[in-house]
Amino acid sequence: MDEAVAKLKKIVDESDNIVFFGGAGVSTESNIPDFRSVDGLYNQKYKYPPERIISHSFYMDRTDEFYEFYKDRMLFPDAEPNAAHYKLAQWEKEGKLRGVITQNIDGLHQKAGSEKVFELHGSVLRNYCTHCGKFFDLDYIIKSDGIPKCDECGNIIKPDVVLYEEGLDNEVIGAAVSLISKADVLIIGGTSLVVYPAAGLIDYYRGNKLVLVNKDETARDSRADLIVHGKIGEIFSQI
Ligand code: NAD
């Protein structure tokens with residue numbers, strides 16, 4: 001076992017107050033592309049960059065193009081959790097992990113069995129009519145033709161996903177800050193730590209066991225007590 005992985009294993013073995021904070025890199029081994037690495041969405045060819053299309057103003061002004069991209073590139077109904085999701089769920093059941101804070105919108109942590117999941121950017125699995133508030137599942141969105149409309153009042157349905165230019169849910173942020181500020185171990189995995197305000201959560205950690213698990217360097221490597229480079233699913237499956 002790699003020396004850094006062995007150090008991480010020791011840290012995990014000795015703690016019952018671990019908090020995990022993750023991003024798109026947690027789901028790439030489930031074949032959901034992230035935004036920034038070589039195979040990620042930013043390196044594909046679109047008329048506009050993803051962060052413009054999945055912004056609030058783009059959604060309002062060009063709802064049809066928003067949904068074209070969203071349905072084509074943001075929805076992965078057949079994706080299954082990978083070893084990283086399953087390991088986190090196992091640690092929660094063992095009483096070691098206090099919660100998963102995620103920037104992902106794919107619902108894979110819950111699918112793997114995690115219960116204490118704080119979704120900073122919402123979830124593609126929840127969708128609501130912008131007029132009457134009726135709930136719709138992902139299947140309804142996928143099967144809808146063009147812009148999804150409410151089957152009761154006919155108005156546009158919006159995913160419960162935090163678009164660029166939109167604010168984060170205060171309750172979710174509060175819960176995440178509380179968990180992180182009380183954590184003994186903070187493991188941050190599969191995030192480039194460049195999307196704010198989510199990336200700023202790292203500043204609430206007060207301990208001395210901040211572990212970064214990432215394929216590449218991140219914007220905050222200098223803050224870490226331990227850096228483990230590699231694929232998070234492969235790394236977690238060794239622990
Ligand atoms: P990001 O795309 O900016 O960064 C992903 C990071 O993960 C990169 O540093 C990359 O090197 C690393 N990475 C990729 N695969 C990895 C692996 N197998 N193991 C370890 N590291 C790996 O993602 P972000 O920081 O989460 O921020 C971008 C935004 O993208 C977030 O707001 C999120 O909502 C959204 N997003 C979500 C999903 C999803 O729900 N699965 C997918 C794409 C984008």
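In which sense do S2 and S3 pair, and over how many bridges?

Mentor: S2 and S3 pair in the parallel sense, over 3 bridges. Two strands count as paired if DSSP finds at least two bridges between them. Helices (H or I, at least four residues) and strands (E, at least two) are DSSP runs, numbered from the N terminus.

Two ground rules before we go on. This is a predicted model, so local features need pLDDT of at least 70 and side-chain atom pairs count only at pLDDT 80 or more, while totals for chains, interfaces and linings use all residues. Residues are numbered from 1 along each chain as its sequence is written, and side-chain values use heavy atoms, with hydrogens and water left out.

Now the whole sheet. Its 6 strands run in the order S3-S2-S1-S7-S8-S9, the sheet is open, and the pairing is parallel. Strand S3 (117-119) and strand S9 (226-229) stand at the edges with a single partner strand each, so one side of each has no neighbour in the sheet. From one strand to the next, the twist averages 15 degrees. Axes here are lines fitted to C-alpha atoms, for helices over the stretch in contact, and angles run from 0 to 180 degrees between N-to-C directions.

Helices pack on this sheet. Helix H5 (residues 83-93) touches strand S1 (18-22), strand S2 (97-102) and S7, and its direction makes about 145 degrees with that of S2. Contact means heavy atoms within 4.5 Å. Helix H8 (residues 170-182) lies across S1, S2, S3 and S7, at about 135 degrees to S2.

Next, S1. S1 pairs with S2 in the parallel sense over 5 bridges. Val19 has Gly99 as its bridge partner in S2, and Gly22 stands opposite Thr102 in S2. On the S7 side, 5 bridges join S1 to S7, and these two run parallel. There, the bridge partner of Phe21 is Ile188. Ile188 also has a partner in S8, namely Leu212. Strand S7 (residues 185-189) and strand S8 (residues 210-214) pair in the parallel sense over 4 bridges.

How covered are these strands? In S1, 5 of 5 residues are buried. Buried means under 20% relative accessible area, exposed over 50%, and partly exposed in between (1.4 Å probe, protein chains only). In S2, 5 of 6 residues are buried. In a regular strand, side chains alternate between the two faces of the sheet. In S1, Ile18, Phe20 and Gly22 point one way, while Val19 and Phe21 point the other way, and all are buried.

Follow Phe20 next. The structure holds 9 aromatic pairs. Phe20 and Phe236 have ring centres 6.0 Å apart and planes at 70 degrees, so the pair is edge-to-face. Phe20 sits in strand S1 and Phe236 in helix H9 (residues 232-236), so the pair ties together parts that are 216 residues apart in sequence. Phe20 and Phe236 are both buried. Rings of Phe, Tyr and Trp (its six-membered ring) pair if their centres lie within 6.5 Å; planes under 30 degrees apart count as stacked, over 60 as edge-to-face and the rest as tilted.

Finally, look beyond the sheet. The domain assignment, automatic or from a database, gives domain 1 (1-32 + 80-121 + 167-239), domain 2 (35-75) and domain 3 (123-161). The C-alpha centres of domain 1 and domain 2 lie 25 Å apart. Tyr59, Phe66, Tyr67 and Tyr70 form one aromatic cluster. Tyr67 and Tyr70 are 3 residues apart in helix H4 (residues 63-73), which separates them by about one helical turn. Both Tyr67 and Tyr70 are buried. Lys158 lies over the face of Tyr59, at 5.5 Å from the ring centre. A charge sits over a ring if NZ of Lys or CZ of Arg is within 6 Å of the ring centre and within 35 degrees of the ring normal. Thr63 is also found in helix H4. Thr63 has 12% relative accessibility, so Thr63 counts as buried. Leaving aside neighbours within four places in sequence, Thr63 is in contact with Phe58, Ile147 and Ile156.
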